[in-house]
Amino acid sequence: MINLKIDGFDVSVPKNTTILEAAKQLNIDIPTLCFMKGINEPGSCRVCVVEVEGWRGLHPACVTKVSEGIVVKTATSTVREARKNILELIMANHNRECLSCPRNLKCELQTLCNDNGIDTIPYEGKVDKGCLDTSGPIVRDPNKCVLCGRCVSVCSKIQDVSAIDFAFRGAHMTVTTAYEEGLVGQDCINCGQCIKICPVGALQERDDTDKVWKALENPELHVVVQTAPAVRVALGEEFGFAPGTNVEGKMVTALRRLGFNKVFDTNFSADLTIIEEGNELIERIQNGGKLPMITSCSPGWIKFCEHNYHDFIENLSSCKSPQQMFGAIAKSYYPVKADVDPKSMFVVSVMPCTAKKYEADREEMSVDGLKDIDAVITTRELAKMIRQAGIKFAELEDSKQDSILGTYSGAGTIFGNTGGVMEAALRTVADKLTGKSLDCIDYTAVRGLEGIREATVNIADMEIKVAVANGTGNASKLLDKIRAGEANYHFIEVMGCEGGCINGGGQPIIKDKSTTEAVKTARIKGLYNIDASCEKRKSHENPEIQKLYSEYLGEAGGHKAHKLLHTHYTA
Ligand code: HC0
Ligand code: SF4
């Protein structure tokens, strides 16, 4: 152990610990901006500088390792002055339209400035570093960028995409795309992980709330909404609830107050996906189809596969995602039952995922000229609409979703976290293959937050080998192993974001990034709690799904189901 003193207090830490980590042991929070443990540790922003007695100059605490007997001071007047100066320089180059910034009050730079007494900016900087990139669902504002590099790191190291990087030198340095073109023309998979990690408002989702407001105000439209599984365990964070709190009942009430004609649920169509996908898996296993079959519901993952692993395109399930299946059913079966003109239907999705905006706009996501989904807003955008409408969310009474696209099973709910689609599918496939209603339905081997998880499941005397990957970087590792002939499976679940949709790019911003893992765990627990409390926990037992097949679709994988619920990919 290494012994040192920080701000007058003794502390012992293992060798190679940084001063930043050692200070944490004493509950001293040295401020940082660029630093993200394990993801981005360049020591470049210098906000975390400290003094070490006997050492020349100031030292960034995030990359300076402790040594025996050193005496560190984290808040002397020299340190405070330097920190203030660094922040003033950053602010000089930062567009300061804080009031209209979507990150207002959730901006790390704003908090740092506040905490460090920045009231005026004595320098004239450069706030014309490039145009707003509004080419796609991810909006980039170079004039708000503080060059911390977190987005560059998450995009390359975690997602294995590298759609953005540093370019130019000195005062001209910027984070940009290849040839400075819009993100939409890049390999960007629209996952929004860069938005979540950005300390300021330089990255945001395209705001589609106006489109939804306009639809709600149009008396000629019949506007229905679906909410993704993971929204209900995170939306509350925007209104002061602890992460993982299930606010489904209040969310449904709020959506009704906003004026939606019907409030439905993506969990319903997640159950529908399982019927189609389970059927496809059984067919492929029994009839020598392409294996492993890989899930297709995460649009970031689909784009990643199309760009980087086209040799696996035939492995992708042909099922549309639950979001899209919902839209297709909402514009075909529902209008018949509700006696509404399908052309007057306007279908809104509330998603934890920024890539769902891209998925909804894909050309193939329509049936007979009608787009499945008309507008997608994120969890954050829904919170904004609720605030704009003056709805006191925390005080709302609970209410239930509407029939006939609002009932769901526990299996549909757990879709919202990594391993959930796999577990939901196994629950149904096991019953189908054994011809029994099995009691043992908790497939805990596929649960958890490890990047890649593998299991062998014995179903009807068959050893079914499965794997789960979350985050496209982990998907790469898994597929590379298969390409190299080092692994093989029957069925693989891939989710584009680490942790699955609970950690999607459209979820509430976690301001204190050190709590990220705890927040993810709490949101996941929230979903499994809902699952455990559901009367029906298998998709094929959902009575509304049973009715949909018996009244309208006919057979799983049949002609009608194929037309409405399946898709194809671009190699
Ligand atoms: Fe997901 Fe989904 S689970 S991708 O993360 O499959 O966004 O929550 O809605 O479509 O159901 C997101 C979440 C969904 C879809 C579902 C799937
Ligand atoms: Fe990279 Fe995802 Fe951001 Fe695109 S949305 S730039 S893929 S992190």
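**Close-up views of pockets, cavity and ligand shells**

By class, twelve nonpolar, nine polar and 15 charged residues make up the lining of the largest pocket in this predicted model, where Ala, Val, Leu, Ile, Met, Phe, Trp, Tyr, Cys and Pro count as nonpolar, Asp, Glu, Lys and Arg as charged, and the others, Gly among them, as polar. Residues are numbered from 1 along each chain as its sequence is written, and chains are lettered from A and ligands numbered from 1 in the order in which they are written. Local features need pLDDT of at least 70, side-chain atom pairs count only at pLDDT 80 or more, and totals for chains, interfaces and linings use all residues, while side-chain values use heavy atoms, with hydrogens and water left out.

**View 1. The largest pocket.** About 1,200 Å³ of space lies in this pocket, and of the 36 residues that line it, Phe-35, Met-36, Asp-512, Lys-513 and Ser-514 are the closest to its centre. On a 1 Å grid over the protein atoms alone, a pocket is an open set of points with protein on both sides within 12 Å along at least five of seven lines, a cavity is a set of points where a 1.4 Å probe fits but cannot get out, and lining residues have an atom within 4 Å of a point. The largest share of the lining of the largest pocket, four residues, comes from H3.

**View 2. The second largest pocket.** This pocket has a volume of about 710 Å³, and among its 26 lining residues Ser-100, Cys-101, Pro-102, Arg-103 and Gln-204 are the closest to its centre. Its lining comprises nine nonpolar, four polar and 13 charged residues.

**View 3. Ligand 1 in the largest cavity.** Ligand 1 sits in the largest cavity, meaning that more than half of its atoms lie within 2 Å of the cavity's grid points; the volume of this cavity is about 260 Å³. Of the 16 residues around ligand 1, Ala-230, Cys-297, Gln-323, Lys-356 and Cys-501 come nearest, a residue being near if one of its heavy atoms lies within 4 Å. A backbone N or O atom of Ala-230 lies 2.8 Å from an oxygen atom of ligand 1, and polar backbone atoms of Pro-229 and Pro-322 are each 3.4 Å from an oxygen atom of the ligand, with 3.5 Å as the limit for a polar contact between N or O atoms.

**View 4. The shell around ligand 2.** The residues surrounding ligand 2 include Cys-155, Cys-188, Cys-191 and Cys-194. By class, this shell has eight nonpolar, two polar and no charged residues.

Conventions:
A polar contact is a pair of N or O atoms within 3.5 Å; within protein, one must be able to donate a hydrogen and the other to accept it, and residues adjacent in sequence count only if both atoms are side-chain atoms. Grid points are joined across faces, edges and corners, and a volume is the space filled by probe spheres set on the points. Helices (H or I, at least four residues) and strands (E, at least two) are DSSP runs, numbered from the N terminus.
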